[in-house]
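Visitor: I have a fold open in the viewer and would like to learn how to read it. Could you take me through it feature by feature?

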Amino acid sequence: MPSARSSLGSLERSVMDVLWAGPEAGLTVREVLERIETGKDLAYTTVMTVLTRLADKGVLEREQDGRAWRYRAAQSRQQMTAEAMRDPLESIPHEEKTSAILHFIEEATPAEIASLRAALDAVETRAAEAPKATGQTESTSSRSVVPLRRRRR
């Protein structure tokens with residue numbers, strides 16, 4: 001099943017961009033309408049319909065604020081993007097998953113490879129620090145770190 005992020009339409013993505021850039025408390029329909037930049041004049045009801053549909057999909061959370069609803073993203077842009085990238089991999093066998101990841105990496109730019117290396121370093125650092133925070137022994141918590149180190153050779 002495709003994730004909500006991968007199935008967003010262009011207007012839905014524009015609305016999400018406004019909400020991710022907005023305050024943590026969220027925005028009302030009017031505030032989204034005032035901030036959205038689509039190159040088109042949008043009706044209040046169009047934005048309200050999009051916000052309602054995104055809330056129904058679980059992409060947004062909403063709460064009553066006086067007579068209006070206040071909407072905010074249920075996930076960060078990074079979390080939603082990661083989910084959209086991960087979802088297609090979950091439906092294929094492990095061998096094909098590895099091959100797909102390798103194809104992705106082979107087509108990456110040097111800047112993307114550098115970002116990937118930095119991300120792997122950050123994951124390894126967090127994994128190494130996790131036993132200290134949770135009280136786990138290092139031998140049980142470092143299993144996920146070993147494969148990452150082997151791949152870099």
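Predicted model: local features only at pLDDT ≥ 70, side-chain atom pairs only at ≥ 80, totals over all residues.

Guide: We'll go from confidence to the overall layout, and then to some side-chain pairs and single residues.

Visitor: Next, the layout. How many helices and strands does the protein have?

Guide: Count the elements, then read their order. Here you get eight helices and three strands. Starting at the N terminus, they run α-β-α-α-β-β-α-α-α-α-α.

Visitor: And what share of the residues is buried?

Guide: Of the 153 residues in the protein, 24% are buried. The accessible surface is about 10900 Å², with 51% of that belonging to carbon and sulfur atoms.

Visitor: Now salt bridges. What is the general idea, and how many does a search of the whole structure find?

Guide: The general idea is that side chains of opposite charge can pair when their charged atoms come close. In this structure the search finds six salt bridges. One of them joins the side chains of K57 and E12, at 3.1 Å from N to O. K57 belongs to helix 3 (residues 44-57) and E12 to helix 1 (residues 10-21), so this pair links distant parts of the chain, 45 residues apart.

Visitor: Are the two partners buried or exposed, and why?

Guide: K57 counts as partly exposed because its relative accessibility is 41%. E12 has a relative accessible area of 13%, and therefore it is buried.

Visitor: Which residue forms a salt bridge with E31?

Guide: That's R70, with the closest N and O atoms 3.3 Å apart. E31 sits in helix 2 (residues 29-35) and R70 in strand 3 (residues 68-73), so the bridge ties together parts that are 39 residues apart in sequence. On accessibility, E31 is at 24% and so counts as partly exposed, whereas R70, at 16%, counts as buried.

Visitor: What about E63: where does its salt bridge go?

Guide: E63 pairs with R72, and their closest N and O atoms are 3.2 Å apart. Both ends are partly exposed, E63 with a relative accessible area of 39% and R72 with 26%.

Visitor: Let's do rings. How many aromatic pairs are there, and which ring has the charged end of R62 over it?

Guide: Check ring against ring, then charge against ring. With ring centres required to lie within 6.5 Å of each other, the count of aromatic pairs comes to zero. The charge check does give a case: the charged end of R62 sits over the ring of W69, 4.1 Å from its centre.

Visitor: Can we finish with single residues? Where does T28 lie, and which residues is it in contact with?

Guide: T28 lies in strand 1 (residues 27-28). Its relative accessible area is 11%, so T28 is buried. Leaving aside neighbours within four places in sequence, T28 contacts A68, W69 and R70. T28 and R62 are 34 residues apart in sequence, with 9.3 Å between their C-alpha atoms.

Visitor: And where is the place of S76?

Guide: S76 is in the loop between strand 3 and helix 4 (77-90). S76 counts as partly exposed because its relative accessibility is 26%. From C-alpha to C-alpha, S76 and W20 are 7.0 Å apart in space, while 56 residues separate them in sequence.

Notes
Residues numbered from 1 in each chain as written. Heavy atoms only, no water. Phe/Tyr/Trp six-rings, centres within 6.5 Å; stacked < 30°, edge-to-face > 60°. Lys NZ or Arg CZ within 6 Å of the ring centre and 35° of its normal. Helix = DSSP H or I, 4+ residues; strand = E, 2+ residues; numbered from the N terminus. Buried < 20%, exposed > 50% of the residue type's maximum accessible area, 1.4 Å probe, protein only. Areas by Shrake-Rupley, 256 points an atom, 1.4 Å probe, with all protein chains shown as cover. Salt bridge = Lys/Arg side-chain N within 4 Å of Asp/Glu carboxyl O. Contact = heavy atoms within 4.5 Å.
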